Every structure is written in structure tokens, then in C-alpha cells.
There are 4 protein chains.
Amino acid sequence: MLVTLKNPRDAESVASRLQSLGLWTEKLGSGDGTRALFVRSDSALVAPSTIEAVEGVAAVLVPPTAHPKLDAQAGIASRVGDHLVGHGAPPVLISGPCSIESREQIRVAAEAVRAAGGRLLRGGAYKPRSSPYSFTGHGEPALEWMREAADAAGLAVVTEVMSEQDVDRVAAYADMLQVGSRNMQAFALLKAIGKAKKPVLLKRGMAATVEEWMLSAEHLLVAGASSVVFCERGLRSFDPSTRNLLDLGAVALLANVHRLPVIVDPSHAAGRKDLVPPLARAALACGAHGLIVESHPEPAHARSDGAQALDRDGLLRLADLCNLIPPRTEG
Amino acid sequence: MLVTLKNPRDAESVASRLQSLGLWTEKLGSGDGTRALFVRSDSALVAPSTIEAVEGVAAVLVPPTAHPKLDAQAGIASRVGDHLVGHGAPPVLISGPCSIESREQIRVAAEAVRAAGGRLLRGGAYKPRSSPYSFTGHGEPALEWMREAADAAGLAVVTEVMSEQDVDRVAAYADMLQVGSRNMQAFALLKAIGKAKKPVLLKRGMAATVEEWMLSAEHLLVAGASSVVFCERGLRSFDPSTRNLLDLGAVALLANVHRLPVIVDPSHAAGRKDLVPPLARAALACGAHGLIVESHPEPAHARSDGAQALDRDGLLRLADLCNLIPPRTEG
Amino acid sequence: MLVTLKNPRDAESVASRLQSLGLWTEKLGSGDGTRALFVRSDSALVAPSTIEAVEGVAAVLVPPTAHPKLDAQAGIASRVGDHLVGHGAPPVLISGPCSIESREQIRVAAEAVRAAGGRLLRGGAYKPRSSPYSFTGHGEPALEWMREAADAAGLAVVTEVMSEQDVDRVAAYADMLQVGSRNMQAFALLKAIGKAKKPVLLKRGMAATVEEWMLSAEHLLVAGASSVVFCERGLRSFDPSTRNLLDLGAVALLANVHRLPVIVDPSHAAGRKDLVPPLARAALACGAHGLIVESHPEPAHARSDGAQALDRDGLLRLADLCNLIPPRTEG
Amino acid sequence: MLVTLKNPRDAESVASRLQSLGLWTEKLGSGDGTRALFVRSDSALVAPSTIEAVEGVAAVLVPPTAHPKLDAQAGIASRVGDHLVGHGAPPVLISGPCSIESREQIRVAAEAVRAAGGRLLRGGAYKPRSSPYSFTGHGEPALEWMREAADAAGLAVVTEVMSEQDVDRVAAYADMLQVGSRNMQAFALLKAIGKAKKPVLLKRGMAATVEEWMLSAEHLLVAGASSVVFCERGLRSFDPSTRNLLDLGAVALLANVHRLPVIVDPSHAAGRKDLVPPLARAALACGAHGLIVESHPEPAHARSDGAQALDRDGLLRLADLCNLIPPRTEG
């Protein structure tokens, strides 16, 4: 954002006033002194009209928004099945196994999610895997098992779509479609998913800026998605002590400043079970509208991500710690 | 960590058991099958004796600890003046201006910190600045003003030491010495600071691993520091929407797993005033033992970092939000 | 990699010998001293048999390779049309515009590429764009124009495939299929592209490790790709002075150590025209098997990436600087 | 940089012209259309006067330079002893061991450096080490041994200063003082080193932007340094396959655009001996004014960094590969 000045001699007083509004500025000038102040992109969000009203300001020049459809969602919670996720709605717990391994496994998992106060069941029927030799999910049968389990437990269903060719099939079973981190900018897939006109859970790419993430949401909305919920799951970083680097600053920004629906995945962020509960609590404390947590009836035998999955007791403790269990849970 | 196997045919069962303990493993073998499991560094912390007890395990090979003195501090809170920071102690609020600008400014700032339930006053007398032309602090007079203001308000004092030659002077006024991010691995400075035998606040370098951070704490303890409190303030990253990337995973790791004293600086992490309160709450929710927050009587006129400083009202609201104001604050 | 010892007292001598081979080691032990040496992953590549022959070594434990099909390509150049790219072949120049804008534009562009000694024509018919409102290419007509222009100039064709549904269409016109950075881990797309049984140009993701990149190549080879050429184009980083951070260490590793075909895209790495020539030279100097460079007849009117595109003269100068113009170019 | 427009209807034509100059622009406007173009910081370097001359441009607004003393060094090579490093001078080879271990070791090392056509001897007398328990150098005796060895071989001397208290002592022996990566923003140390009025070798911090690096050079020059030579040695990154990520884009920028003296350290960048030669060649190819390479008479017995040190033969091969051996080297 650029703030031009009526007179170079107002530079100090305008800069001082903008500073008190939380804005970082840099002076830009030509031969005759400071002519404008450049407002850095990591400044607080302040309405242009507030800045225009500052004594000495000639004009406020802003780039046109790059995501008008997304901006129009500000302050509106996303509807997923019977649930609301976002501004004004209570925090929602989404949980389930990394991979759907059998009808029985997902049934037991769903029951645990319900007991913990969860609203949506997650589980992978189509799994993105770095190696072509890893287990990639049971496909359509897994979708059936998950739908059945979710219905029995009174949960909605969210699951990842990896291929343009799977969109219709997955949409037939799921209430919400998930875009994985690795596909955040796979634009043909985004377009195909948007066409299903469902709510979409959009995971952040491992090195995506917030602006790029918002633009991918715009891709989905333009294509027809009914709403988009952002999911922060940690960025690629240099420290091997955690698996990814959870960016709660971005969550606070989306939730509190842009007022868009955003949830957090502490399981992939931490990559280690002992850090899931503290990061889950932190996520809600900074404004996240929900959590998506990996859980598994028997982590020892999980075919993927077992080391970071909570078992039933772990999930219940987490929900309790985060005050997510509703007062009158019927056992 | 390496887990050797009694027999290659036990590889699956041992891996499964370790997975249930939260450990990620990779198989290592030679001609005759899997001989050992390599446990990745982002795995949960599990005692070697627990692993040795797993059926089929021959031996657990670990590297010797690189920071024995620090390890010996696990579970022990740091004493700073009359206050405790760390495991078992209530969260502590540290606040004050980026730069100490005048006797009056720091007096008013200290009063606001006390009103907000703060325990330590921070403020810069010697300021590290990227540019040699920026204001670098008032030096010793500022130290006097700060000590006076802190004493009047019943606060302890923490301030940064930038030069080996300033250690004794700063130590004469401050209860706790701060090592800045840019100096986290300035080992000669660490040695000089350690010799003052005071508690030290060690800010994390912008691209330091947790292990390197712990090794710098070891440098301080070997040189004589009475204790070390870690301070996470955000890492350098690629997204201009926030100034730094706050690594609460590292905070959760230090606080919950290593049980070492760690506080969080949400001001430098966010770099924007509107994100300070949610990140402060998140920090405490994941286990941080305190907060260090920039505040200033008049952010509009601050000589440095004004855009991210809270005014008195902002600081009181933050303290209230974080439940940091003690029940019987006398106005 | 793990090296176990016959006797703890051999730890120093074995470590010393491994150090002289270029290996970084860390000691692992249990109660009775050092039992094994862990060889860090950034060590030089040394054959296990060489290490096994070191006096005092009991065994060398390695993880099984994760990409056997790729490993089998070591030392073999990729065949693209009539050209070879890789180990033992002369460096190849690939060039053309970011977007194919008209039949005339690509015809003129192709002529410039031929004059500069280029072997392949690049150009976008389907463009990935961060914003859904940006120009995304002319699609199939552009493919026709490019094929025609390439045939007239005696060039082969490489172009990006963004959608599973476009694979057959693109494969009908192109000699080589390109996977863009944002799709490096879009596994369903990789599978669909592999099935076309063509050579593939695999751009590195903005935050992908070399190992993940190699695994994505394995996905392509398993699906049927005839060969894979890696393309380094810069990683996401924190410094706004260049657009991306070109990782020539990874290029040197692939070209010299793994002996796999790898080319470099200095245009997207630098993001600025004035740095393209020096980075192009550096790429070839460290072993890259070719360059892919954006060029455009009229950069002023390019619909995308004009600021980093070379014009005809710039491309000729680059080719000259890099000794890429063959001795007997017929004008 | 900001370019204001005479008339909103000129926006397209001005943007097009700036694009042909290699400038990336973003439109900034208010109610009455585009009023200005913001030029991104990763654009090519173009003189403001060239932009002012574009039809339709009202004014070019730039921030004042932050490093006037450094800017004044553009195009001027640094003088170190009898040698020149920088613009217009032939590339210089600097080599020697990580640590100076004995009089004999450094004597033999210096002889190898001379044989390889080197001009400066490097070696550590005071070593920064992550762990307080690692070998930190022999101190002043090592300085004496190095001076003696350099004099015997006709080399100049560069060595690191870690402590403000060591500046005078080191300056008594060395021709050039080195600031290590970890101290790039240890401003008190920079000031002390600058006061010695010697040329300084300034290594880049692991997560420092080029602008911050240039500001640290300004600190040195303001304090009195006679000149500054930049040294790129790789940035912290996420891929364990190399130790650091060598940023040759920054080198190309400093050497070709800013025309400031810059050399490259391929040893610390690669962290592995087999990648040192290709990265050394790449560094010179993109314009670096020299190389600093770790070498050791017996890498097997080096007390630090042995795994990445070249032996005498390796150093000679490197120098040969890079054409650094002068025509009439007397053996």
C-alpha cells in the first residue's frame, strides 16, 4: 500500500500517526524530499479510509484485490453437512485415521471420534505417497466403509481427492472434499473439485504464502465450491526436531483479521504424538475454528502415520484438554 | 537413535511396537535382511530403557548428550530476582519498550507493566540495529533510568547485552541478561555473559535449530550463567504476511518434553500489533512459561518498533485475555 | 548409513578413515562404549564395499533404495526426439516463450531458438497461474502452432501438462512432457503423464528435497515414462532480492554423483533478466546437461513473465557466452 | 521503487515499457484508476533516470540508499596485502585448514596453497563451535605459526576474529580479518573489527538477506574498515542432501549488478568433498572474484571439518579445473 503526501514536510507527522495505527512505513522520495510512504505488507490491517483521514495524506493507493469471491466470504462460517465451521461457530473437531484400512477399523475409529465430541470423520481412501511403492488406500470400498461408519456415529465426512477422475466418486460419499498440501496449486484438480459445488478443506502447501493460499481458494470458489475452509498443517523448515513448522501467525491472520474459516492439523505439523495436545490447544487459543487430528484404534498396526496417531484414550484426553467435548455427550 | 535387532525376522514386530510408542523408524540392513531400525529425530521422546525392553531388541545405541549441564536443569525453574520462570511456576509477563528513550518514558512504561501484572521490565539501552545509522540506545544512563523505574514499580529488570565490554556495566543494573537473536551463536559474547553468573534470557537465532539453541545455552552454563531461559521469537521465513514465523512446536518441545524454561516474544514474531494477542494466548496454551511483549506509553513516538508496540490499554487487554493479572492487583 | 564396529576401541581409527573418505560421522553407543558410527546424509557418496573393507568395521547397514527404476538410469542420457540429454551428451539449450500467444509469435521465437543453437522449443499452451483471473494459455491451437514452428525450425517440443485430461492431447504434439513445480507431487497427474510413455521434464517443487524429487521421478518411471530429466528452477526462500534460490548443489549432486540427466532454468530462478546469463554459465559449469531459458520476440508485449524473458539478441548472447552455438550453424 | 503516472490511461504503455526493461510491476490505484506502478524488489537494476524518461511517467520515487559508503565502493577491488580482490582483478584462491593444528601442519598446508596458485592462506586460530566442548583453536601461537608459514610461501593471511578482545592481536598477524557467518550481525564485534582499519572478509549469515549483508558491510566501513569482501557460504535450508544451500544468485547480483567484491566458499556450502569442485567452477562462472576452500595435509587427522577438506592433490586438481594456476608457477 502506498500513501502519498500533500507536502514533504508532513512526512514525519504522517509516519508517526501511521506507526500508532500499527503500520510499518518506508519513505520514498525524489529530488524534492519525501513524497510518499510505502506501507509494508506485514503491517496491521487498517481500512484505507482511516488512513485517508490522516492530516497530510494526499491519497492512499492500493492494489486491486486479487480474490474478490473469497473476500466476500469474510465473517461467514462454512456449512458442512449440519455443521458450521468458522467465524461465530464453536470449534469443531475432525478426526479419524490416516488410511481407511477396513470396515471394522473405520467403524471403531468413528465411534471414538463421536465419543470425543467430534463432528466430522476424516480418513484416506486415496492417499498421496512420496513413494510409488507405498500403500495408497483402498479406494471406493473405503469410501463406502467410511460413509457407513460416519452415518452410524452421526458424523459428517471429509476425505481427500487426489485425481480429477475421482471427484464425482468421492463427492457421492463425502460432505466435504479435501485438497492435500501437495496439490494446493494443482490448478486443474482445484477446478475439477470446485465443480462438485461442495465445501472444500484446502490444506496449505508446504511453502505457500498466505496470499497464494487465498488465491487457490479463489480458484475453488470461481469453479463453484460452496465454501472453503483453510487448513494449516505446518511448513517445510530446516529443523529436524519437528516434522513441519506450524504457522499459527497465519492462522491468527486468517481467523482474526480476514475472518475466514481456518482449522489446524497438529498431527502433521508436529509429526510426533507427544506434541499434538499442546499444539492443538495453541491452535484454538489463537482463533482456529477447529482441529483435524489423526487417530487410530491401534496405532501400532496403522499402515501409515501410526507414529503420530492418537489412540481412543489419547483422543479423549485431547478433546478434554481443549474443552471440545460437549456437556451432554451421550455415551 | 539406533535400535539393533536380535533377529531380522523380528523387524516387523519391533517396528510396530515402536510405532505405537510414537517412534518413526527406517529399516537398515545388509545382505541378510533388516539388522537395525533407525529412529528419526522428530520422533516422540521415549526413554532408551523402554525401548530396550521391547521383545526382539538387541541394543539401543544413542549418541552421548551434547549438553549435560543443560540436561541437569530439566524440571527446574529459573530464579530471576524474586521470581521463578519455568516448570511449575505461574506464567510470567515481561514487558516494556524496545528502546529506553527517557527517564519519564521508562517510568510510565514500568507503571503500565506493573498494572498489567508484569514481573519483569524490559527495555533496550544498547540496541542491535541492521543499519549503522539507526538509533542504538542511550547506554548507561538508560540503564540507570530503567533500574530506578523498575524499583519504583517493584519489577525485576532484563536487558540485552551486545558487547563483551558492556557485560559488567549491564550486570550492575539488571537482574537478567539478554542475548539477542543475532548473537545466539556469538560465542565470545556468550562466554563473557556467562561469567557474570546471572540468569540469562537466550533468544533463538532466526535460523537456529533447537539443538543449536540448546548448545548455546550449554555455552552459557559452562561459562557460569546461573540459569538459562529460552525465548522463541519467530524464525526467518518466506511469507511477507508476518514478520517472522513463530515456532510453537519448539516451545512445546522445550516446555513439555525437555521441561526447560521457555518464554515467547509474540511482538517480534508477528511484527504487527493486531496479531500479538492471539499469538500470546497460543504461546501460553502450548506450555510457554511466560511472555515478553513490547509496550510503549506512546507508540506513535517510539524511536524503534512503534508499529508493533502495545500502549497501556493494549497491554492491559492482553494481560486480561491471557489471565495474567493477579487477583489482587492494587491499581 | 550405519557402520557397526568390531570393537569399541576401533572407533577413532575407523572414524578417521571414514573422514578421509569424505564421510561425516556421529558416534552411537551404549553402556560399553561406541558401538557404531552413523554416517550423515550430506556425506560424500562412497560405495558400501569400500567402507566394509576398512579395518575394524563389522558391517555396513544401509536402507534399501527407494527408487530402483531411477537408479537403473544412472549414466544413461535421456532421448528426446533426435537429441540426447544427460551424461555424456553435449549441453542442450531449450528455449521459447512462457506463453504461446499466436502462430506468428511462436514461429519467430522458434527461429531465434534455432539461431542460438537450441535443440528444443518450449512454450506454454496450458499455463498454471496463481490467480484464476490470469491468462492460462490458448490450449490446443497453441499446441498446433508450436508443433508447426518447431518442425519448420528443426526443433523438438517440450510443454507442460497441467491436467490428467490433457495428457493424450499434449502427447500428440510434444516430444517431451513437462511436469511443473507446483505439480511435482500431484501423484495422479504423474501417473497419467507416465502412461504416455514419453520422456518427461520434471521440475523440482519449491520446497522439495532431492530425495522427494527422485521419488517423483520413480512415480513417472513406474507408470511408464521412457525417461526423466530433472529441472532445477530455484527454491522458495526468504530473500526478496532474487525470485527463487537456485540450488546448484542439488544439480551438482544429480549430475556428478548420481549421474542422472538434469538441466537448469535460470529464468525462473533469478526472476530477473540481468542475472540469467551468469546463472546459466554457472549451471553448465557445475555439470548441468542443459538450460531451459525463457525468450520472447517482444518481451514488452509478453502476456506473462515478460520481465524475465530474453529477446532474440539476448538469447544469442547467452548462447555465445555459454558456448552453446554449434560451430556450423546455418543462419 | 514507485513510478507515478501522469495519467491513468498510460498505465498499460508504461507497464509494457518497464517490462521490456526487465521490471516486474504491480498496479496501485485509487477510485480514479491506476495512479502508480510499484516495481518489485527482485526486478533488474535500472537507473531511475532511464525510467523517468519513459513517456507517461510523472516521477520515480525511491527510498534513500541505506549504505552510502558501500555504494561508493562499487567497481573498486579490495586490496589485501599485495593482492586485489574484486572487479577487474583475476580470481583469487584462498585456502588452508579449518583449524591451525601445529607449526608443521600449517607450513605444509601453505606450501600446497602456493603450489595451487593460491594468494591467501586461511586457517583458524580462534574457532566458533556450536558445542562448548569442541576444539576451539590454539589461539595466539597458531597466529604465529600461520604468519611464518604464509611468509615462507609468499602468501597473505586471512583469519577469523571471534572476540572484540582479540581484534588487535589478530590484526598484528593477519592481512585480512574474517567475520564468521554466526557473527554477521554481532554489531559490537563488527565495530571493533572495523576499527582495525584492515580489509575484512564478511561471511553471510545463514539466513541473512543480501540487504542485511550489505548493511553489515556498511557497519564495518563506518567503523573504519579499509574495504569489505563478501563471502557466500550457503544458507540454511531444509534438504539434508547438502549441508547448506549455496546462493549463487546473490553472488551474481553482488558481482555483476552491484560490482562489489565477492568470493565463494564451496566447502561449507556443499559440506561434502565430492561437490566442492563443481560448485567452485560454478562460482567463478557466475562472476565470483575468488574462492575460499578448505584444504588439509591429512584430512583423516583434521581436528575439525576433515570430511570436507581437500588434500594437496585435491586442491591442485581443483585449481587446475578452475584455471587458477598461473602459467609460470615455480614448483
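**Sheets and an interface in a predicted model**

Q: In what order do the strands of the open sheet in chain A lie?
A: In this predicted model, chain A holds an open sheet of 4 strands. The pairing within this sheet is antiparallel. Read across the sheet, the order is β2-β3-β1-β4.

Q: Which strands of chain A are the edge strands?
A: An edge strand of this sheet pairs on one side only. From one strand to the next, the twist averages 25°. The edge strands of chain A are β2 (25–30) and β4 (57–61).

Q: Which residue in β3(A) stands opposite L2(A)?
A: Strand β1 (residues 2–5) and strand β3 (residues 33–39) of chain A run antiparallel and are joined by 3 bridges. The residue in β3(A) that stands opposite L2(A) is F38(A).

Q: What angle does the direction of helix α1 of chain A make with that of β3(A)?
A: Helix α1 (residues 11–20) of chain A packs on the sheet. It touches β1, β2, β3 and β4 of chain A. The angle between its direction and that of β3(A) is about 15°.

Q: Why is one side of β2 and of β4 in chain D left without a neighbour in the sheet?
A: The open sheet of chain D has 4 strands in the order β2-β3-β1-β4, with antiparallel pairing. β2 (25–30) and β4 (57–61) of chain D stand at the edges of the sheet, so one side of each has no neighbour there. The reason is that each has a single partner strand.

Q: What area is buried between chain B and chain A?
A: The two chains meet through 53 residues of chain B in contact with 53 residues of chain A. Carbon and sulfur atoms give 60% of the buried area. In chain B, the residues that lose the most area to chain A are Q19(B), W24(B) and F238(B), together 14% of what that side buries. The area buried between the two chains is about 4300 Å².

Q: Which residue of chain A forms a salt bridge with R204(B)?
A: Across the interface of chain B and chain A, 2 salt bridges are found. In the one formed by R204(B), the closest N and O atoms are 3.3 Å apart, and the cut-off for a salt bridge is 4 Å. The partner of R204(B) is D239(A).

Methods. Residues are numbered from 1 along each chain as its sequence is written. Chains are lettered from A and ligands numbered from 1 in the order in which they are written. This is a predicted model: local features need pLDDT of at least 70, side-chain atom pairs count only at pLDDT 80 or more; totals for chains, interfaces and linings use all residues. Side-chain values use heavy atoms; hydrogens and water are left out. Two strands pair if DSSP finds at least two bridges between them. Helices (H or I, at least four residues) and strands (E, at least two) are DSSP runs, numbered from the N terminus. Contact means heavy atoms within 4.5 Å. Buried area is the accessible area (1.4 Å probe) that two parts lose on being put together, summed over both. A salt bridge is a side-chain nitrogen of Lys or Arg within 4 Å of a carboxyl oxygen of Asp or Glu. Axes are lines fitted to C-alpha atoms, for helices over the stretch in contact, and angles run from 0 to 180 degrees between N-to-C directions.
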